[in-house]
Amino acid sequence: MTVQETSAGGESAGQQTATGKKPPSNRAHVIVIGNEKGGSGKSTTAMHLIVSLMKMGFKVGSLDIDARQGTLTRYVENRTAFNDRKGLHLPVPDHRPIYRSELPDANEAKIDERDRFTAALGEMVVSCNFVVMDCPGSDNYLSRLAHACADTLITPINDSFIDLDMLARIDPDTLEIKGPSIYAEMVWDARKRRAGIDGGTIDWIVMRNRLSHLDARNKRDIAEIVEKLAGRIRFRPAPGFGERVIYRELFLKGLTLLDLREKGIGIPMSMSHMAARQEVRSLLEVIGFTPADGEELPI
Ligand SMILES: Nc1ncnc2c1ncn2[C@@H]1O[C@H](COP(=O)(O)OP(=O)(O)OP(=O)(O)O)[C@@H](O)[C@H]1O
Ligand SMILES: [Mg+2]
């Protein structure tokens, strides 16, 4: 099993094996989950990716850039508590929340945030294979810093014109794309900053989330627009996650559907769980993981 550097990918992806060894570039591959639209599934996607990567044998660091809301931080805390309660040893990431500065001076606050962010990321990029960052559903300095460090940026969107509005302005009659919107412009800016920092590139993946089994016409319209937008604002579309209870019901236990086969969990696998696992595999494949011939990714 390898993760290949994708054509638009960051310089650090290189070739990786599932043995938990550090990537050849000697620094972790950074995956940022971002979208200025709240509630699009960033924290859910982040936790599912973190657990997938750990299951594949990688050492994973995670940074909660939305520390005030703290969804990812609580998810990880809940996982540790579940291990303690049940006497289990499910893998847990090296996790740190990065809080916004409380300094009153705006410039000093930025320096404080940058220093704490850089210190945490700096440690993780040498001790981990992957660092996953969960960003807030709004624009702030920490989130921009995180975006500018991404090798891979994943943007979950709900299947709705409201979510698409963060990426592009769309003509209401023709559904033609009129131009990029605020989040796409922010990513453009992050790409320029990333190029300025180390000449690296950001591989931007947009995934649709909470896909409904109903509403075929809306689904088709959104699919067409996402496809067109991909070329215009340079991202790669990924098949998304369906609307499934399993993506949200395990939070209090700190579990994901990828843990259900572990001993001591006590939740039987269903057809919907298998389908969800396939959705996560598909996302991993778009990120760049290639299963060995005739096999599936081991998650
Ligand atoms: N594929 C899915 N199926 C079912 N429920 C989902 C799915 N993805 C996310 N959810 C639910 O949608 C809500 C929002 O998800 P989540 O908290 O991951 O979004 P977010 O983008 O991190 O939000 P915020 O911007 O507030 O940080 C949560 O209740 C979560 O459990
Ligand atoms: Mg969140």
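Modeller: Let us begin with a pair of helices: α1 and α2 are oblique to each other, because angles under 35 degrees would count as roughly parallel and their axes cross at roughly 40 degrees. Please bear in mind that this is a predicted model.

Colleague: Within what distance do the axes of α1 and α2 come, and what is the handedness of the crossing?

Modeller: Helix α2 covers residues 71-86, and its axis comes within 9 Å of that of α1. The crossing of the two helices, α1 and α2, is right-handed.

Colleague: Which residues of α2 does α1 meet, and how many nonpolar residues does the contact of α1 with α2 have?

Modeller: From α1 the contact draws on Ser-43, Ala-46, Met-47, His-48, Ile-50, Val-51 and Met-54. Their counterparts in α2 are Thr-71, Leu-72, Tyr-75, Val-76 and Arg-79. By class, the contact of α1 with α2 has one charged residue, three polar residues and eight nonpolar residues.

Colleague: Is His-48 buried or exposed, and with which residues is it in contact?

Modeller: His-48 lies in helix α1. Its relative accessible area is 1%, so His-48 is buried, the cut-off for that class being under 20%. Leaving aside neighbours within four places in sequence, His-48 is in contact with Tyr-75, Tyr-247, Thr-256, Leu-257 and Leu-258.

Colleague: How are the axes of α4 and α6 placed, and what is the handedness of their crossing?

Modeller: The axis of helix α4 (residues 141-148) comes within 8 Å of that of α6, and the two cross at roughly 60 degrees. Helices α4 and α6 are therefore oblique to each other, since the roughly perpendicular class runs from 65 to 115 degrees. The crossing of α4 and α6 is right-handed.

Colleague: Which residues of α4 and α6 meet, and how many charged residues does the contact have?

Modeller: On the α4 side, the residues are Ser-143, Arg-144, Leu-145, His-147 and Ala-148. Those in α6 are Tyr-183, Met-186, Asp-189, Ala-190, Arg-193, Arg-194 and Ile-197. By class, the contact of α4 with α6 has six nonpolar and two polar residues, and its charged residues number four.

Colleague: How many aromatic pairs does a search of the whole structure find, and what is the geometry of the pair formed by Phe-58 and Phe-130?

Modeller: A search of the whole structure finds seven aromatic pairs. In the pair of Phe-58 and Phe-130, the centres lie 4.9 Å apart and the planes are at 70 degrees. Planes over 60 degrees apart count as edge-to-face, so the pair of Phe-58 and Phe-130 is edge-to-face.

Colleague: Where in the chain do Phe-58 and Phe-130 lie, and how many residues apart are they?

Modeller: Phe-58 is in the loop between α1 (42-55) and β3 (60-64), whereas Phe-130 is in strand β5 (residues 130-134). Phe-58 counts as buried because its relative accessibility is 4%, and Phe-130 counts as buried at 1%. The pair links distant parts of the chain, Phe-58 and Phe-130 being 72 residues apart.

Colleague: What is the geometry of the pair formed by Tyr-183 and Trp-204, and which elements hold them?

Modeller: Tyr-183 and Trp-204 form an edge-to-face pair, at 6.1 Å centre to centre and with 70 degrees between the planes. Both Tyr-183 and Trp-204 are buried. The pair links distant parts of the chain, 21 residues apart: Tyr-183 is in helix α6 (residues 182-198) and Trp-204 in strand β9 (residues 203-209).

Colleague: Which residue do ring pairs link with Phe-58 and Phe-130 into a cluster?

Modeller: Phe-58 and Phe-130 form an aromatic pair. Ring pairs link Phe-58 and Phe-130 into a cluster with Phe-289.

Colleague: What is phi of Arg-210, and is Arg-210 buried or partly exposed?

Modeller: Arg-210 is found in the loop between β9 and α7 (216-233), and its phi is near 60 degrees, a positive value in a residue other than glycine. Because its relative accessibility is 40%, Arg-210 counts as partly exposed.

Colleague: Where is Gly-200, and which residues does Gly-200 touch?

Modeller: Gly-200 is found in the loop between α6 and β9. Its relative accessibility is 5%, so Gly-200 counts as buried. Not counting residues up to four places away in sequence, Gly-200 touches Arg-194 and Ala-195.

Conventions:
Residues are numbered from 1 along each chain as its sequence is written. Chains are lettered from A and ligands numbered from 1 in the order in which they are written. This is a predicted model: local features need pLDDT of at least 70, side-chain atom pairs count only at pLDDT 80 or more; totals for chains, interfaces and linings use all residues. Side-chain values use heavy atoms; hydrogens and water are left out. Rings of Phe, Tyr and Trp (its six-membered ring) pair if their centres lie within 6.5 Å; planes under 30 degrees apart count as stacked, over 60 as edge-to-face and the rest as tilted. Helices (H or I, at least four residues) and strands (E, at least two) are DSSP runs, numbered from the N terminus. Buried means under 20% relative accessible area, exposed over 50%, partly exposed in between (1.4 Å probe, protein chains only). Axes are lines fitted to C-alpha atoms, for helices over the stretch in contact, and angles run from 0 to 180 degrees between N-to-C directions. Angles under 35 degrees count as roughly parallel, over 145 as roughly antiparallel, 65 to 115 as roughly perpendicular and the rest as oblique. A crossing is left-handed if the near helix is turned anticlockwise from the far one by less than a right angle, and right-handed if clockwise. Contact means heavy atoms within 4.5 Å. Ala, Val, Leu, Ile, Met, Phe, Trp, Tyr, Cys and Pro count as nonpolar, Asp, Glu, Lys and Arg as charged, and the others, Gly among them, as polar.
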